[in-house]
Amino acid sequence: MLFLISSAPDTKEFRTSYRLAMDMGADVCLLQDAVYASRDLKNENIYVMVDDMKLRGISESEIRGRPVDYDQLIDLMVGADKVIGIF
Amino acid sequence: MSKRLTLFLNTSPYSFENTYTAMRIAEAALRKGLETHLVASADGVYNFLKGQKGKGLPHAADGFTSLMEKGLKVDL
Amino acid sequence: MDNLLVILRRPPYGVINAAEAVRHAGGASGSDYRATLYLIDSGVFTAKKGQDAGDTGFTGLAESLELLSEEMEIYAHRQSLEEYNLTEDDLVEGVRIDDGERLRQAVKEAQAVMIF
């Protein structure tokens with residue numbers, strides 16, 4: 001299962017969906033303002049949209065997650081049994 | 001059977017980044033040969049208005065027109 | 001039967017989310033889908049009793065929920081209710097309270113999840 005999250009890290013939308021994803025053992029890909037969370041989250045298994053990072057001046061060395069581009073995101077979506085989002 | 005991806009867009013084109021995200025996801029999905037659909041509802045339909053003159057943000061109508069030429073199927 | 005989960009995270013009227021969530025869940029249910037509507041965060045206010053749309057032109061959404069609850073499952077998230085000091089007595093008939101278990105199950109079971 002893959003959760004897509006686009007909300008900023010300080011929002012309820014982010015907290016609720018991230019908690020639900022973790023509770024369900026799902027993969028997560030951060031998009032849009034949610035990529036800011038990748039600078040603080042301890043989780044190294046999270047996917048982060050590199051395009052949205054670049055737009056916001058976040059470099060790959062600043063984050064813990066795994067940067068992905070849109071082609072890789074499509075592969076993740078096709079490979080997942082279910083895609084939930086975008087939150 | 002090829003995989004099918006349906007995107008649901010319900011926000012207006014220039015107040016949110018969703019238009020851009022939807023265009024990028026649709027573009028990559030079409031490139032990978034997925035049957036790609038987009039359903040626009042509520043303010044999402046404004047992405048398809050003619051005569052948009054916005055600058056400094058991804059142009060919604062131009063972007064989606066080009067994707068429809070590549071096979072994106074859109075329902076409002 | 002096809003199975004749709006609609007998650008609503010916003011209170012009614014101020015933004016279109018609640019009306020859209022109710023419209024899509026109701027439409028799906030009317031088209032022979034099994035639909036579930038799940039209210040979470042400030043979305044739980046949509047089920048609050050006593051909403052009076054009067055002659056505003058808005059559709060009273062709690063009333064819609066009450067009607068829809070006869071044909072679909074509608075849940076309000078317990079922790080969200082607690083956060084806003086709401087109890088079961090504050091909600092219209094037909095809305096069930098869930099502590100998160102039903103949400104995880106519904107996400108697993110649904111073929112599609114719409115988020116408003």
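1. Start with the side chain of T46(C): one of its polar atoms sits 2.9 Å from the backbone oxygen of G43(C). Keep in mind that this is a predicted model, so take that distance as a computed one. As for where T46(C) falls, look in the loop of chain C that runs between β2 (34-39) and α2 (61-68).

2. Is T46(C) buried or exposed? T46(C) has a relative accessible area of 0%, and the cut-off for buried is under 20%, so T46(C) counts as buried. Its surroundings go beyond the local stretch of chain: with neighbours within four places in sequence set aside, T46(C) is in contact with L8(C), R10(C), P11(C), P12(C), A18(C), Q51(C), L61(C), A62(C) and L65(C).

3. Next, the interface of chain C with chain B. Five residues of chain C and four residues of chain B take part in the contact. Between them the two chains bury about 310 Å², and 61% of that is on carbon and sulfur atoms. On the chain C side, E20(C), M114(C) and F116(C) supply 63% of the area buried against chain B, which is more than any other three residues give.

4. What holds across that interface in terms of polar pairs? The rule finds three residue pairs in polar contact between chain C and chain B, but zero salt bridges. Helix α1 (residues 17-30) of chain C gives three residues, the largest share of the side that touches chain B. Sorted by class, that side of chain C has two nonpolar, one polar and two charged residues. So there are charged residues on the chain C side, yet the salt-bridge count with chain B is zero, given that the rule asks for a side-chain nitrogen of Lys or Arg within 4 Å of a carboxyl oxygen of Asp or Glu.

5. Now chain A against chain B. Here the contact takes 14 residues from chain A and 13 residues from chain B. The buried area comes to about 1,200 Å², with carbon and sulfur atoms giving 60% of it. Which residues of chain A lose the most area to chain B? They are Q32(A), Y70(A) and I74(A), and together they make up 44% of what the chain A side buries.

6. Three salt bridges are counted between chain A and chain B. One pair to check by eye is E17(B) with R56(A), a salt bridge whose closest N and O atoms are 2.4 Å apart.

7. Which elements of chain A give two or more residues to the side that touches chain B? Those are α2 (50-55) and α3 (70-79) of chain A. The largest share comes from α3(A), with seven residues. By class, the chain A side has eight nonpolar, one polar and five charged residues.

8. On the fold of chain A: there are three helices and five strands, and along the sequence they run β-α-β-β-α-β-α-β. The radius of gyration is 12 Å, close to the 12 Å that the globule rule gives for 87 residues, so chain A is as compact as a globular protein of that length. Along the principal axes, the C-alpha atoms of chain A fill a box of roughly 30 × 30 × 20 Å. Of the 87 residues in chain A, 53% are buried. Among contacts in chain A with a separation of 6 or more, 45% are between residues 24 or more positions apart.

9. Chain B, finally. It has two helices and three strands, in the order β-α-β-α-β along the sequence. Its radius of gyration is 12 Å, close to the 11 Å from the globule rule for 76 residues, so chain B is as compact as a globular protein of that length. The C-alpha box of chain B is roughly 40 × 20 × 20 Å along the principal axes. Buried residues are 43% of the 76 in chain B. For contacts in chain B between residues at least 6 apart in sequence, 75% join residues at least 24 apart.

Conventions: Residues numbered from 1 in each chain as written. Chains lettered and ligands numbered in written order. Predicted model: local features only at pLDDT ≥ 70, side-chain atom pairs only at ≥ 80, totals over all residues. Heavy atoms only, no water. Helix = DSSP H or I, 4+ residues; strand = E, 2+ residues; numbered from the N terminus. Buried < 20%, exposed > 50% of the residue type's maximum accessible area, 1.4 Å probe, protein only. Polar contact = N/O pair within 3.5 Å; in protein donor to acceptor, adjacent residues only side chain to side chain. Contact = heavy atoms within 4.5 Å. Buried area = accessible area lost by both parts, 1.4 Å probe. Nonpolar A, V, L, I, M, F, W, Y, C, P; charged D, E, K, R; others polar. Rg over C-alpha atoms; globule rule 2.2 N^0.38 Å.
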